[in-house]
Amino acid sequence: MPTSLLCGGNSVVTTEQTTVRIKDIHNNHSEQNSTVQDYIMPIYHEKQKRELCALHALNNVFQDGQAYNKQMLDDICQSLAPSSMVNPHKSVLGLGNYDVNVIMAALQLKDCEAVWWDKRKNLDILNVDNITGFILNMPSPLQWGFVSLPIKRKHWVAVRELDSVFYNLDSKFKNPEVIGDREALKSFLRAQTRAKECELLLVVTKDVADRKSWKMDNSGFGEARDRKSVV
């Protein structure tokens with residue numbers, strides 16, 4: 001598993017609760033009786049601050065702005081390299097830029113694990129019912145204020161299912177981006193992981209990780225009963 005994954009980006013904006021309007025289609029077994037009703041669903045979407053995209057991705061996956069904070073991640077860095085004068089797991093400037101080891105350790109505090117996805121495998125084997133969320137490490141243009149510089153840094157991005165719809169909760173986005181259903185999710189992940197520089201982590205509970213039930217069993221059917229709520 002790669003161990004040098006870092007996060008970059010330095011657009012300074014704020015965290016916020018976002019609402020998304022969704023069309024709820026109620027079909028009463030008759031096209032004439034079908035109705036469309038709009039409703040608002042709240043989505044927690046933490047936005048980019050300094051180089052804290054790992055922190056934002058974690059909080060966005062758990063849909064909880066109190067799940068983690070910068071001090072917690074800094075403490076993890078210290079525990080991973082207690083004798084290092086320059087900590088290799090974060091920015092020397094103290095702005096964030098946490099690596100994959102910090103994310104893995106942070107997830108363990110929530111009784112979860114990060115499963116590194118082997119990009120040689122077919123995404124169709126994923127048992128999405130047992131996966132809490134996804135975290136991508138991908139190249140992203142470096143921002144200076146509102147200007148994108150011709151320099152790419154690694155950036156952590158959360159993807160999460162909410163009310164049967166998957167969302168890209170990239171902290172650099174103004175609003176969550178709708179991905180769609182499970183087939184749309186797989187298409188999205190395929191497109192992203194084709195890039196050599198992109199890596200994918202599956203966020204699962206410890207029980208799911210131990211059973212390896214984040215993937216379909218040999219019969220082709222997953223064991224959805226293994227999933228536990230973590231939010």
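Tutor: Let's start with a term: a nonpolar core is a set of buried Ala, Val, Leu, Ile, Met, Phe, Trp, Tyr and Cys residues joined through side-chain atoms within 4.5 Å. Buried means under 20% relative accessible area, exposed over 50%, and partly exposed in between (1.4 Å probe, protein chains only). We are looking at a predicted model, where local features need pLDDT of at least 70 and side-chain atom pairs count only at pLDDT 80 or more, while totals for chains, interfaces and linings use all residues. Residues are numbered from 1 along each chain as its sequence is written, and side-chain values use heavy atoms, with hydrogens and water left out.

Student: Which pattern does the protein chain follow along the sequence?

Tutor: Helices (H or I, at least four residues) and strands (E, at least two) are DSSP runs, numbered from the N terminus. The protein chain has five helices and eight strands. Read along the sequence, they give β-β-α-α-α-β-β-β-β-β-α-β-α.

Student: Which element gives the largest share of the largest nonpolar core?

Tutor: The largest core has 32 residues, and Leu58, Tyr68, Leu73, Ile103, Leu107, Ile135 and Trp156 have the most contacts inside it. At least two residues each come from α1 (53–62), α2, α3, β3, β5 (147–162), β6 (165–168) and β8 (199–205). The largest share of this core, seven residues, is supplied by α1.

Student: Beyond its neighbours within four places in sequence, which residues does Leu73 contact?

Tutor: A contact means heavy atoms within 4.5 Å. Nonpolar side chains tend to be buried together in soluble globular proteins. With those sequence neighbours left aside, the partners of Leu73 are Leu55, Leu58, Tyr68, Tyr98, Val102 and Ala106.

Student: Among contacts between residues at least 6 apart in sequence, what percentage joins residues at least 24 apart?

Tutor: One example of a pairing across the sequence is Asp124 with Arg190, which are linked by a salt bridge and lie 66 residues apart. For contacts in the protein chain between residues at least 6 apart, the share joining residues at least 24 apart is 63%.

Student: How far apart in sequence are the parts that Asp124 and Lys186 tie together?

Tutor: A salt bridge is a side-chain nitrogen of Lys or Arg within 4 Å of a carboxyl oxygen of Asp or Glu. Asp124 and Lys186 form one, with their closest N and O atoms 3.8 Å apart. Asp124 sits in the loop between β3 (112–116) and β4 (133–144), and Lys186 in helix α4 (residues 182–193), so the parts they join are separated in sequence by 62 residues.

Student: What is the N to O distance between Arg182 and Asp129?

Tutor: Arg182 lies in helix α4 and Asp129 in the loop between β3 and β4, so this pair ties together parts 53 residues apart in sequence. Arg182 is partly exposed at 33%, and Asp129 is partly exposed at 26%. Their side chains meet in a salt bridge with an N to O distance of 2.4 Å.

Student: How many salt bridges does the structure hold?

Tutor: Some share partners, and in this way Lys70, Asp74 and Lys90 are joined into one network. Asp124 and Arg190 form another bridge, at 2.9 Å. The number of salt bridges in the structure is eight.
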